[in-house]
Amino acid sequence: MTSPYSQALPPLTDLPAPRELPREATHLVPPAEIIADSKSALRRRLLRISWAPGLLLLGLWYVLLVLYVVGASPTFWFLTLLVSLGEPAMLRATTAQLGLTGGGLWAAFFLLPLFATVVSLAVTALAPSAIAGMDPRRHLSERGFQADVATRITAFLLGPSVLAVAALPLSVAVGLPQPWSGLGAGQLMAWTLAVGALLLAWILVRRTVSAPTVLGIEPAAALETTGRLDRDPVTRRAAAAQVLGQDRRHLPPNPGTAAARRALTPRGALTSLALITRASLTWVAPAAAGLGVIIFGIADVVITFNGLLQSDLVQVRSALRWQMVAVGVPVLALVALAVAFAPGLAVLAAAGQRSAVIDQRTYSSWEHRKRVNPWEALVVALTGWFSAALTLLGLVLFAVVLALLGAATALAWVWIVVGGLTLIPLLGAGASAAMRRGLRDVLYGPAGDYMRRETPHSLVAPDIGTRAQRAEDPAVRAEQRRRLQAQGGDHALAIFDLDASGERLWVDDSAPGAKDTAVRQADLAAGTLPDFGGEGSPFTRGDGSGDGPHGADGQDGRHGIPDSMTGLRER
């Protein structure tokens, strides 16, 4: 992207179609461009920092367990606790009526969250394989790359808890023996609270496994500060180039190209659906969880007090009928299919705004992009309107079919009205927000297919072995030779050094006794100075040609280069 604050740029239109770059082979990346030494090193690093996400996961599992126990009937449990203050036997009787035992509850609260946390942390051992092959250069920004790393690791950490929450309604529907004998209002209230807890846990856990913490790289915020404020112009330009790359996917795409019609293809539709679904987790899911707690909570209070009048407190009446599920699942699939093609429809509807575009460059500020590119602004807005309208049509279809079947309950009508007034507008806003960030992904594909951001690294970790083992691979050395030759100019000396390095193409700085032309911290800590004269120099000692007080040429030893701190003090 281009920052509108860096310098004044003249308008630019009629750009040629961006050229797609070939994807480099990850097994030929030289060790100096790899962030972590190996997948095992990443796994050990995750293990060392696992105490912070582990505590959060332990708390999450306790919350989920409490919601599961109380969810059998939250209002009933609350009334029982009040009564048990004067009659303790009432609590034991209620526990038995709900199919629970005191010993089972104690065992569950002591063992189950701890075991589930251990399983969640054990699953994280698979996370290095998910991030090892990532290429930072293919990400448009450093912030986006670091966010992607944290998201992938968080997905592994929260995977077991997400699966547990998702599988609970299915286990009730198939009739597995458990305290939840049905999906009543209380159970659904507890389930929506569990969804809200997962959303909050995702935010908290994601902060504990940030890319700087896991990979040991500089935070994106620090790089942005360096790119703006550093006094050295070279450092400032290098940091700015690493912070944000140049997005070459201009809008609108050229007529007749594959990008112009990609939004209406299955691949483009799947990309659109993924982007809108991800945005809905931010725009729609929290509101839906909050509304679910309120609506189902009120329904549970009403049902519980009706049970008091009828002397039937433990019988769970399902708030969902099979007709609702039978009608809702196909309608939901149709709505998802329609929303997936909403950006494609918006592109067709905005064709008349092509002539109004005065600058096709990708600016980081949406306000700037909207001002210079009315076509993109219209597509983003129409995507939100089309998504909301198509979802509203699906909701109306759902309501009409339920009414014809006679399966619409009062609770269903409440959700239909509330969804139409609140959730659908939020979905439209989320779809527009998704296209502000991802319209180019829908029309062109990932930014990394057309650009390479300037970063010091091009791989997170080797797919096999370590960096030192990769340095011994002749194919890697041959790839480096090819790169030097492709750069042009006189690289004969660099190629000679590459060929002469042998297995010392890569040396771990932390290894004691490491030798190279660079100063090694381990040697300095041990009191050994680097061999500035080069191995085999007549001014060095202990190489067979220049040992003793005099070198091979008979020169005095006091003119030689000392090889230790003690020798330096003696001079």
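The buried residues of helix α12 are Gly-268, Ala-269, Ser-272, Ile-276, Ala-279 and Ser-280. They lie on the same side of α12, because together they cover an arc of only 110° around the axis. The other side of α12 carries exposed residues, namely Pro-266, Arg-267, Leu-270, Arg-278, Leu-281 and Thr-282. As for its length, α12 has 18 residues and reaches 25 Å from its first C-alpha to its last, close to the 26 Å expected at 1.5 Å a residue.

The model is a predicted one. The protein in it has 23 helices and 0 strands. Of its 571 residues, 41% count as buried. Among contacts between residues at least 6 apart in sequence, 77% join residues at least 24 apart.

Helix α14 comes next. How far apart are the end C-alpha atoms of α14? They are 27 Å apart, which agrees with the 27 Å that 19 residues should span at 1.5 Å a residue. The buried residues of α14 are Gln-323, Met-324, Val-327, Gly-328, Val-331, Val-335, Val-339 and Ala-340. These buried residues pack against α12, the helix described above, and also against α15 (342–349), α17 and α18.

The loop between α17 (374–405) and α18 (410–443) holds Thr-409. Is Thr-409 buried or exposed? Its relative accessible area is 17%, and buried means under 20%, so Thr-409 is buried. Leaving aside neighbours within four places in sequence, Thr-409 is in contact with Arg-321 and Met-324. Met-324 is also one of the buried residues of α14.

Another loop, between α11 (233–243) and α12 (266–283), is the place of Pro-253. Pro-253 is buried as well, with a relative accessible area of 2%. What does Pro-253 touch, not counting residues up to four places away in sequence? The list is Ala-259, Ala-260, Arg-354, Trp-375, Leu-443 and Tyr-444. Tyr-444 is 191 residues from Pro-253 along the chain, yet the C-alpha atoms of the two are separated by 8.5 Å.

The last stop is a pair of helices. In general, two packed helices are described by the angle between their axes and the distance between the axes. For helix α2 (residues 51–70) and helix α7 (residues 142–173), the angle is about 10° and the axes are 10 Å apart. Angles under 35 degrees count as roughly parallel, and α2 and α7 are therefore roughly parallel to each other. On the α2 side, the residues that meet α7 are Pro-53, Leu-57, Leu-60, Trp-61, Leu-64 and Tyr-68. Their partners in α7 are Leu-157, Leu-158, Pro-160, Ser-161, Ala-164, Val-165 and Leu-168. The residues of this contact divide into 12 nonpolar, 1 polar and no charged.

One residue of the pair can be followed further. Leu-157, in helix α7, is buried, with a relative accessible area of 2%. Leaving aside neighbours within four places in sequence, Leu-157 is in contact with Pro-53, Leu-57, Ser-120, Leu-121, Thr-124, Val-205 and Val-209. Among them, Pro-53 and Leu-57 belong to α2. The C-alpha atoms of Leu-157 and Ser-50 are separated by 9.8 Å, although the two residues are 107 residues apart along the chain.

Key:
Residues are numbered from 1 along each chain as its sequence is written. This is a predicted model: local features need pLDDT of at least 70, side-chain atom pairs count only at pLDDT 80 or more; totals for chains, interfaces and linings use all residues. Side-chain values use heavy atoms; hydrogens and water are left out. Axes are lines fitted to C-alpha atoms, for helices over the stretch in contact, and angles run from 0 to 180 degrees between N-to-C directions. Helices (H or I, at least four residues) and strands (E, at least two) are DSSP runs, numbered from the N terminus. Angles under 35 degrees count as roughly parallel, over 145 as roughly antiparallel, 65 to 115 as roughly perpendicular and the rest as oblique. Contact means heavy atoms within 4.5 Å. Ala, Val, Leu, Ile, Met, Phe, Trp, Tyr, Cys and Pro count as nonpolar, Asp, Glu, Lys and Arg as charged, and the others, Gly among them, as polar. Buried means under 20% relative accessible area, exposed over 50%, partly exposed in between (1.4 Å probe, protein chains only). The expected span of a helix is 1.5 Å times one less than its number of residues. The arc is that of the directions from the helix axis to the C-beta atoms.
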